[in-house]
Amino acid sequence: MGKLKKMVKSEIWNFGYCDMGHLFQEASAASQSDDAMLRLLDEMISKPELYDSDRAEYALRKIGILEKLGRADEAKKAIKQYLNLPEVRKREVAKAVERKDYAEAIRLIKDGQKIAVDNNQSTREWKELELDVYRRTNDKAKQIELCRELFVLDRGSMDYYHELKKLIDAKEWKTFLAKLLSETNMQAWYSSSVEADIYVEEQDSERLFALLMDANHHTLDMFDKYAHYLKSTHSDELIAEYMNMVKNYATRNMGAKHYSRIRQAMEGMLKLNNGKAAAHQLAERLRDVYRRRTSLMAEISKF
């Protein structure tokens, strides 16, 4: 144990090969008394180079030992001392919720948010905890407020969209949703778009079409995923766009991976009205222009 303690006190524990402090703590826990363990934890917590996550782990262990020993006043003092550490504060929030002291839980959460803001850290987790309390207390107004904040913070979220739709009166929903989306910096990632998913659920074909025509969503990936929802309303326009995009893609890209992507896009066209005829027309065009690209010819042979 003495050699291990020397290693912990040396620079080795900082090199990242293993958590020497944690290793020493575990070894000590199996061989020392609670008082000795408390002294060791104090020694570990006091290390200035310690990450806050590790400091919180040691602080929580110290608090747990004090509570186990029935030293309530010391435990309360330790909680107060380390309450600025998020994991310690979250523990106290959970305990307040467990005893249904929701006012205390909100106070702890609000202070946690303030600390996060002061330290230029995200408040997202604290807002989620706050929302959980308001769900438990059936505070509808606060649930709406927090779901809205988290939706905006996440740049769109289907979970919060669904929750808000249940909370908002049906007569007010369309106006509320339009305002919410206008306030949110929505983003698309490859073939994923929360905004598009919302328009699909809302059966809002005009807004979905306008979104697909927007520069940020006007991609083969987006068309493949969402165009078929507009089969009955915008097939002609979408087929024309599909054909232009595939032609441009073929002009700029060569290779098996890209030829497979062209085939995939043409399969997407088949899901639209008159898509089969359009895909055949496009395939004839590609066969005429790129007849020497044998791999491409093989990919589009079924059209």
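The side chain of K165 forms a polar contact with the side chain of E202, at 2.9 Å. A polar contact is a pair of N or O atoms within 3.5 Å; within protein, one must be able to donate a hydrogen and the other to accept it, and residues adjacent in sequence count only if both atoms are side-chain atoms. The model is predicted: local features need pLDDT of at least 70, side-chain atom pairs count only at pLDDT 80 or more, and totals for chains, interfaces and linings use all residues. Residues are numbered from 1 along each chain as its sequence is written, and side-chain values use heavy atoms, without hydrogens or water.

K165 lies in helix α10, residues 158-167. Helices are DSSP runs of H or I with at least four residues, numbered from the N terminus. K165 has a relative accessible area of 36%. It is therefore partly exposed (buried is under 20%, exposed over 50%, partly exposed in between; 1.4 Å probe, protein chains only). Beyond four places in sequence, K165 touches W173 and E202 (contact means heavy atoms within 4.5 Å). The C-alpha atoms of K165 and L177 are 8.6 Å apart.

The largest nonpolar core has 88 residues. Such a core is a set of buried Ala, Val, Leu, Ile, Met, Phe, Trp, Tyr and Cys residues joined through side-chain atoms within 4.5 Å. I262, M266, L286 and I300 touch the most other members. Helix α15 (residues 231-252) supplies the largest share, eight residues. Leaving aside neighbours within four places in sequence, I262 contacts V246, Y249, A250, L286, L296 and I300.

In helix α3, the buried residues include A36, M37, L38 and L40.

Note on methods. Helix = DSSP H or I, 4+ residues; strand = E, 2+ residues; numbered from the N terminus.
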